[in-house]
Every structure is written in C-alpha cells, then in structure tokens.
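Here is a short briefing on one protein chain. Look over the sequence and the fold before reading on.

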Amino acid sequence: MHETRGLLAALSRNPISQLGCAVALVSGILLVAMIAIEMLGFETNAYIGIITYILLPTVFFVGLILIAWGVARERKRSEATNFPIIDLNVKKTRQRLMRFLIMMCVCVVILVTATSGAIHFMESNTFCGTVCHEVMSPEYTAYQRSPHARVDCVDCHVGPGTSSFVKSKLSGAWQLLSVAFDLYDRPIKTPVHNLRPSNVTCEQCHWPAQFHGIMPKMITRFAEDQANTETKTILMMKVGGQDFAASQGIHWHIDPDVRIRYRSDPSRERIDEVELTRKDGTVKRYFTQGPDNDGPTEWRTMDCIDCHNRPTHVFFGAEQAVDLALERGFITTDLPYVRREGVRAIRGGYASHAEARAGIAAHMASFYETQYPELAAARAGDIEQASRVLADVYESNVFPSMNLDWGTYKDHLGHSEQSPGCFRCHAGDHATKDGEVITVDCRACHTIVAWDEASPEILELLRGRRSSTAAGIR
C-alpha cells in the first residue's frame with residue numbers, strides 16, 4: 001500500500017509528470033474534438049488533417065512519455081527500488097487500479113484511433129496532392145481533370161502490403177526533408193524508374209487480352225485566320241488486341257506471345273536498339289541507323305507505360321489547350337483571330353500565375369482595342385470571358401514556380417510536335433543487319449478517314465442519320 005501511494009505521489013508531485021499530464025490531457029481533448037468534428041461531416045483540409053492525425057497524436061504521446069519519465073525520475077530520487085505491491089483485497093487499491101486501467105484504455109483507444117486515422121489520411125488524395133502545395137500542385141491539378149480522377153493515388157504509386165507501405169513512408173520522409181530544405185527538383189522528375197509495373201497497376205482494371213478492334217478518334221483544330229476556321233481530322237484507330245488466337249493492331253505490342261525489349265537513354269525518348277522475341281524463340285534485333293546516345297543507356301521490356309507514359313498527369317500543349325477550349329464552347333469562335341491571339345497570350349513568359357492572368361487579359365484587350373475598337377466595346381464581355389478561360393488554361397498547364405512550361409513533360413501516346421511518340425521506333429531509323437526496317441506504314445496503326453476537313457463526309461452522314469432518327473424516320 002505504501003508503495004502504491006509512493007507511485008501516485010511520484011505521478012502527482014513531480015513537475016515533469018505534472019507537465020506530461022497537462023500535455024496529454026490538453027492534446028487528448030483536442031484530438032477527440034477534432035476527430036468528432038470530422039466524423040460529423042464538417043469540411044476539413046490537408047493541414048487540419050496534419051494537425052489531427054500527426055501533430056496532436058505526437059504531442060499526446062510525448063505527454064505520456066513525460067509522465068513515465070517523471071515517475072521514474074522521482075522513484076530514483078527517493079531511492080525506491082521495489083516495485084509497488086498491489087493488494088486487490090484493499091478496496092482503495094482496487095479503485096485506484098481500476099481508475100488507472102480506465103485511463104490506460106482511454107490512452108490506448110486514442111493512440112490506436114489516431115494511428116489508424118494517420119495511416120488513412122496519409123494515403124488520401126488530399127494528403128498526396130495538397131500538403132506540399134507548390135511541389136505537387138502541377139501533378140494534382142492534372143490528376144483532378146484526368147480519366148483516372150477517381151482512382152486513388154496510392155493505388156498506382158504505393159500498392160498493397162507492408163513492404164510497399166514501409167517503402168512509401170521512407171520515401172515520404174525523404175520528400176519531407178527535400179521540401180523543408182528546398183532540395184527538390186523543379187520541375188519534379190517523372191519517376192520512370194520506380195513506377196510500379198503495369199501488370200500490378202494498369203492491368204488490374206484494364207484487361208490486357210481484351211480485343212478493342214477499330215475505334216474512331218476525332219481531332220478538332222482551329223486555324224489562325226480571322227474566322228478561326230474549324231477543321232476535323234478523323235482516324236480509325238486499329239487498337240486491336242488479342243483476338244482469340246493472335247493479337248493484332250496497336251496492342252499487338254503487349255501480346256503475351258511477343259516480348260519487345262529496347263535500349264534507350266534514361267528518359268526513354270531516344271532508342272538505340274530494339275529486340276523482338278517471338279513465341280517460337282526467334283529473335284530479331286533492330287539497330288538505330290544514326291549515332292547512339294552519348295550518355296548511359298539501359299534495357300527495358302516494353303509494357304503499357306512505354307506508350308501511355310502519362311495516363312493521368314497529362315499536360316496539354318498551348319495549341320491543343322486553346323483548341324479544346326474553343327471546341328467545348330468556353331471561348332466563342334466568332335471573335336476575330338481569337339485562336340491565334342489566345343495562343344500568343346498564353347505563350348508569354350510570366351513569372352507567376354497572377355502575372356499571367358493580368359498579362360493575358362492585357363494582351364487580349366490591347367489586341368481588340370487596337371485592331372477592332374468598335375468590336376472591343378461591343379463585345380467586351382466575350383473578350384473578358386476569353387481572357388479568363390485562357391488564364392485558367394495557363395494555370396492548369398504551366399507552373400512557373402516549378403519551372404514547368406509548355407511541353408516540359410513529353411506524352412508518348414501517338415506523335416506530335418512535343419514528342420515523337422511512336423516515331424521513337426517507327427521512323428525508319430531502326431533496321432536489322434539484313435536491312436529489315438521497323439515498319440513506318442501509318443496504316444498499321446490507323447486509317448485516315450478525314451484530314452483537316454471543314455465538313456468531313458462521314459460526320460455529315462452521321463448527322464443526317466441522327467436527324468432522321470429524331471424525326472421518326474427509320
């Protein structure tokens with residue numbers, strides 16, 4: 001009994017333990033209150049999540065440590081060497097022990113709840129995208145408008161299992177230090193070497209053996225003339241896939257009976273050598289006809305990511321972004337030269353988003369006030385709307401603070417001015433020692449139905465069929 005009282009005295013009279021009690025009590029109450037607020041459905045953000053699930057639990061745990069340290073220090077000072085004798089036949093002892101156990105249970109529940117909440121919070125899209133706001137803002141912005149906006153970041157970047165969890169947290173600790181001490185790259189490098197394989201990410205939803213056949217693709221462009229002339233390019237994409245016995249079309253590249261390897265620079269944009277191995281074991285090697293890469297090269301087995309290298313974090317080119325805004329009606333097409341001037345405006349060199357918004361508005365207003373003064377007065381609302389949309393387009397694709405400009409990230413799907421894409425291999429530059437060249441026939445991937453046509457015949461046909469159906473004609 002005496003020893004029990006000594007323990008309580010050490011807890012209540014020692015200043016370190018008193019401080020620990022105060023810290024644990026205050027942080028515990030705040031933690032419970034914050035969790036309750038979140039459970040009641042009140043809107044929170046990433047920083048509130050950090051306070052709730054990381055900062056407050058840490059402070060609470062420190063409080064418990066201070067309590068234990070104070071008790072141990074007091075016992076050592078009083079030269080108490082024996083453990084307390086707990087006699088459960090004594091009513092007061094039972095009551096004190098019960099209170100102690102209840103407090104311990106409460107502490108355990110708080111810590112377990114906080115730990116579980118911290119794990120869940122640190123795997124949330126909000127945590128991934130908004131905690132390090134400047135660093136991850138480009139990727140998070142692109143993610144939110146992507147086809148995979150409802151796929152959690154961790155599903156592709158972390159993966160299941162303890163080892164993946166530990167690896168991700170160690171990587172996160174280094175990222176935290178990089179942000180704290182300004183050690184991160186600008187722009188963030190594409191993690192081509194530590195992405196999880198496509199067979200445990202993409203193929204969990206996209207069945208690689210599915211046969212897609214031929215699928216239409218329409219590309220809308222607007223000219224830089226006064227009328228912003230709209231044209232359509234319509235392609236029939238031979239996506240293909242595995243059709244019973246053999247694969248065909250573009251997805252032939254991932255046929256399980258075919259293995260394609262290539263040797264390239266670390267960015268995978270310049271390919272020096274391609275190796276094709278068929279089911280029967282025959283091997284063909286294609287070598288670049290030009291000079292090899294000056295720097296280091298590495299071998300890689302081809303999978304989904306080699307073409308779909310930006311399936312989620314997509315950044316558009318300036319012309320493509322303005323064309324999309326015009327096509328979707330966000331910018332009216334009857335403003336003279338709005339496409340040309342819009343591209344010029346968003347290509348200006350701006351130091352920040354705020355400067356870009358002001359500069360784009362000034363450029364558009366100045367052009368119309370100078371060239372079309374009457375129209376500028378009559379259509380001021382449309383010009384302001386165009387300026388706002390162009391600024392939004394800029395802010396979604398260019399991030400000056402991260403040195404991310406138009407075309408910084410290359411998209412290898414297809415081929416464009418920004419990236420050779422398919423032409424990394426299919427440009428006639430790779431051949432075997434016998435002179436056999438990797439095909440450069442465009443018809444292997446698509447059939448051109450219309451090319452930059454104002455009124456493609458196939459669209460007129462489809463519109464006519466839709467009109468007939470709407471009128472009740474079969």
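Strand β5 (residues 271-277) is mostly covered, with seven of its seven residues buried. The model is predicted.

- Five strands make up an open sheet in the order β7-β4-β5-β6-β8, with antiparallel pairing.
- β7 (298-301) and β8 stand at the edges with a single partner strand each, so one side of each has no neighbour in the sheet.
- Strand β4 (residues 259-264) runs antiparallel to β5, and six bridges join the two.
- Ser264 stands opposite Ile271 in β5.
- The hairpin of β4 and β5 has six residues between the strands. Arg268 in this hairpin takes a positive phi near 65°.
- On to the next pairing: β5 and β6 are antiparallel over five bridges.
- Val274 stands opposite Tyr286 in β6.
- β5 and β6 also form a hairpin, with five residues between them. Gly281 in its turn has a positive phi of about 95°.
- Strand β6 (residues 283-288) pairs with β8 in the antiparallel sense over two bridges.
- Thr288 has His430 in β8 as its bridge partner.

**Helix α4**
- Helix α4 (residues 91-122) has 32 residues.
- From first C-alpha to last, α4 reaches 46 Å, close to the 46 Å expected at 1.5 Å a residue.
- Buried residues in α4 include Thr93, Cys107, Ile110, Ala114 and Phe121.

- Glu139 is found in helix α6 (residues 133-144).
- Glu139 is buried yet has no salt bridge. Arg310, the nearest side chain of opposite charge, is 5.1 Å away, and a salt bridge needs a nitrogen within 4 Å of a carboxyl oxygen.
- Leaving aside residues up to four places away in sequence, Glu139 touches Ile188, His313, Phe315 and Tyr409.

**Aromatic pairs**
- The structure holds eight aromatic pairs.
- Tyr140 and Tyr143 are a stacked pair, because their ring centres are 6.1 Å apart and their planes lie at 20°.
- Both tyrosines, Tyr140 and Tyr143, lie in helix α6, three residues apart, about one turn of the helix.
- An α-helix has 3.6 residues a turn, so residues three or four places apart point the same way.
- Tyr140 is buried at a relative accessible area of 17%. Tyr143 is buried at 6%.
- Tyr394 and Trp406 form an edge-to-face pair, 6.4 Å centre to centre with 75° between the planes.
- This pair links distant parts of the chain, 12 residues apart: Tyr394 is in helix α13, and Trp406 is in the loop between α13 and β8.
- Tyr394 is buried at a relative accessible area of 2%. Trp406 is buried at 13%.
- Tyr337, Phe367, Tyr368 and Tyr372 form one aromatic cluster.

**Backbone details in loops**
- The peptide bond from Arg186 to Pro187 is cis, with omega near 0°. Pro187 sits in the loop between α8 (162-180) and β1 (213-222).
- Tyr337, a residue other than glycine, has a positive phi near 60°. Tyr337 lies in the loop between α9 (318-327) and α10 (338-346).
- Asn403 also has a positive phi, near 55°. Its place is the loop between α13 (380-397) and β8 (430-431).
- Asn403 counts as partly exposed, because its relative accessibility is 48%.

Definitions and conventions: Residues are numbered from 1 along each chain as its sequence is written. This is a predicted model: local features need pLDDT of at least 70, side-chain atom pairs count only at pLDDT 80 or more; totals for chains, interfaces and linings use all residues. Side-chain values use heavy atoms; hydrogens and water are left out. Helices (H or I, at least four residues) and strands (E, at least two) are DSSP runs, numbered from the N terminus. Buried means under 20% relative accessible area, exposed over 50%, partly exposed in between (1.4 Å probe, protein chains only). Lys and Arg count as positive and Asp and Glu as negative; His and the chain ends are not counted. Contact means heavy atoms within 4.5 Å. Two strands pair if DSSP finds at least two bridges between them. The expected span of a helix is 1.5 Å times one less than its number of residues. Rings of Phe, Tyr and Trp (its six-membered ring) pair if their centres lie within 6.5 Å; planes under 30 degrees apart count as stacked, over 60 as edge-to-face and the rest as tilted.
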